[in-house]
Amino acid sequence: MPRPYLLLIIGLISTSFMLSATAQGGKADAVVEIGPMESGDWKVSYEFAEPQSALAFARSRNDYRSATWTLETEGARFGRAFDFDVIIFDEPAKAVDFSIIPLTSAIEADYTPFVTFSDGGLAIYEGQFSLIPFEDLDAIEALEGDLDNAETGPLAMDVKLTSDKPIIVDGDVHDGALTHRIRGDGTYIYMGDSETQTFDSFAVVLDQGLPDWLQARFDSDLETIFNQLEGLWGFELKDKATILLAYKGTGGQGFSATGGALDNLLMMEVGGSEFSKANFNALSYLQWFFAHEAVHLFQTTGGAEFAGDSDAWIHEGAANTMAYSFVAAQLEGEDREKFLAGVYANAFKECAAALEGGPLKDAAKRDSFSANYSCGDLIAQATDGFLKRKTLYEFWNRLLQNAVSLDQPQVNESLYFTTMQLFGATRANRNKIRVIVEEELDDPAEALADMLESAGLEPEFDGKGNLVKMNWPVYAAE
Ligand SMILES: [Zn+2]
């Protein structure tokens with residue numbers, strides 16, 4: 001039986017900063033040199049162009065650094081304060097050094113700092129080094145734990161490292177030494193013996209330790225995903241995506257998978273006993289993950305941005321519909337029906353349960369972020385049903401077109417409903433969606449069923465109220 005695929009994914013909330021002028025290129029405000037020491041720990045040495053008084057780590061959601069980073073500079077203090085990892089200097093200073101234990105386990109609410117590959121490769125998340133300058137500790141306290149309150153963005157920072165193995169970043173291979181500017185949330189820098197394989201729309205670095213059955217098909221699966229999506233969206237991605245797949249071996253029951261997307265980089269760590277031989281669950285999970293993340297690359301084409309958490313149902317939902325539809329399109333007959341019935345029975349159940357607690361737009365606040373996937377998915381399918389002679393892909397193309405014409409090119413709720421209207425959805429139809437997003441409902445399951453029914457999706461339920469069948473769209477490009 002297909003099982004719910006959503007549970008293992010970590011929701012990564014992207015922290016976006018306005019890039020300062022210097023961050024666009026030019027001279028760095030800071031250089032961080034990193035590299036392994038004989039002990040296996042890593043040395044992390046910062047040098048600043050200007051003397052610094054107080055610094056906060058831009059990515060401080062998780063406080064793993066207090067256990068893994070040791071300050072090695074006199075006249076400075078390092079620790080956790082006001083929800084940030086901070087460095088405070090007794091006198092303004094131009095350098096600070098740390099010795100760190102590279103953390104290789106997945107952490108909550110952020111990217112794995114160091115990802116190990118079973119073939120000896122290593123991928124380093126550069127965003128972990130990013131620093132924001134402040135006057136003093138009071139200025140960090142004044143943030144009230146929220147970087148949106150910061151007046152300046154992170155220092156324009158170059159990461160420097162040397163390696164006797166090839167270094168791959170942004171799809172390019174560097175021999176021996178690398179200097180790389182951190183942009184936005186940063187990316188992963190890979191060091192190891194895996195070669196990049198380059199295709200039309202993406203470059204991929206596969207763990208050489210992947211089981212043969214997966215190694216044999218993964219490139220062509222990715223090609224199918226990107227070809228299908230390009231056909232359905234009607235355009236090609238301007239920037240190539242980079243895909244890193246790290247394998248953790250067959251230890252552990254079932255399968256585990258965590259991953260995330262950073263601009264054009266899709267990274268995933270997989271492992272577990274189910275990978276030991278060809279396995280439908282593991283494979284369809286991987287296909288779902290990469291298709292879902294690849295859809296996000298299309299959804300942000302031309303400079304369009306996602307709005308905040310309360311609007312996450314828009315992009316997460318559509319990405320999910322498109323990704324499940326992709327997996328389903330690879331299957332035939334009964335297998336396809338079984339797969340869709342499994343995932344959507346689950347989506348319906350999860351969404352209805354999440355809406356018991358309040359409207360969808362507040363799901364993230366209630367720690368029910370995954371409702372953005374499940375409810376958003378059902379909404380995306382309903383949207384498709386409400387459109388007159390248009391598909392969800394045409395709708396999204398128009399949504400992007402409308403978004404990028406705005407000063408703040410965000411795909412948000414009001415733009416969503418306006419675009420539905422432009423494509424012929426009636427006010428009554430839009431309201432079926434609006435109540436789910438905005439209102440506290442007495443009977444969420446009934447409202448959902450009503451939305452699906454009105455959209456012509458003909459949902460069928462068993463005696464216990466489980467969704468068992470629906471007219472789900474399966475899209476395939478020519
Ligand atoms: Zn997503």
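Predicted model: local features only at pLDDT ≥ 70, side-chain atom pairs only at ≥ 80, totals over all residues.
Local features need pLDDT of at least 70 and side-chain atom pairs count only at pLDDT 80 or more, while totals for chains, interfaces and linings use all residues. Residues are numbered from 1 along each chain as its sequence is written.

**View A. Helices α3 and α4 pack against each other.** Here α3 (residues 212-233) meets α4 (residues 280-299) at about 40°, their axes 10 Å apart. Axes are lines fitted to C-alpha atoms, for helices over the stretch in contact, and angles run from 0 to 180 degrees between N-to-C directions. Helices are DSSP runs of H or I with at least four residues, strands are E runs of at least two, and both are numbered from the N terminus. Where do they touch? In α3, look for Asp-221, Leu-222, Ile-225, Phe-226, Leu-229 and Trp-233; in α4, Gln-287, Phe-290, Ala-291, Ala-294, Val-295 and Phe-298. Contact here takes C-beta atoms, placed from the backbone, within 7 Å.

**View B. Five strands make an open sheet.** Read across, the order is β14-β15-β16-β18-β17, and the pairing is mixed. Strands count as paired if DSSP finds at least two bridges between them. At the edges sit β14 (197-198) and β17 (256-262), each pairing on one side only. β17 runs antiparallel to β18 (residues 265-271) over seven bridges, and Thr-258 has Glu-269 in β18 as its bridge partner.

**View C. The two helices lie across the sheet strands.** α3 lies across β14, β15 (202-206) and β16 (241-247), at about 160° to β15. As for α4, it lies across β16, β17 and β18, at about 10° to β17.
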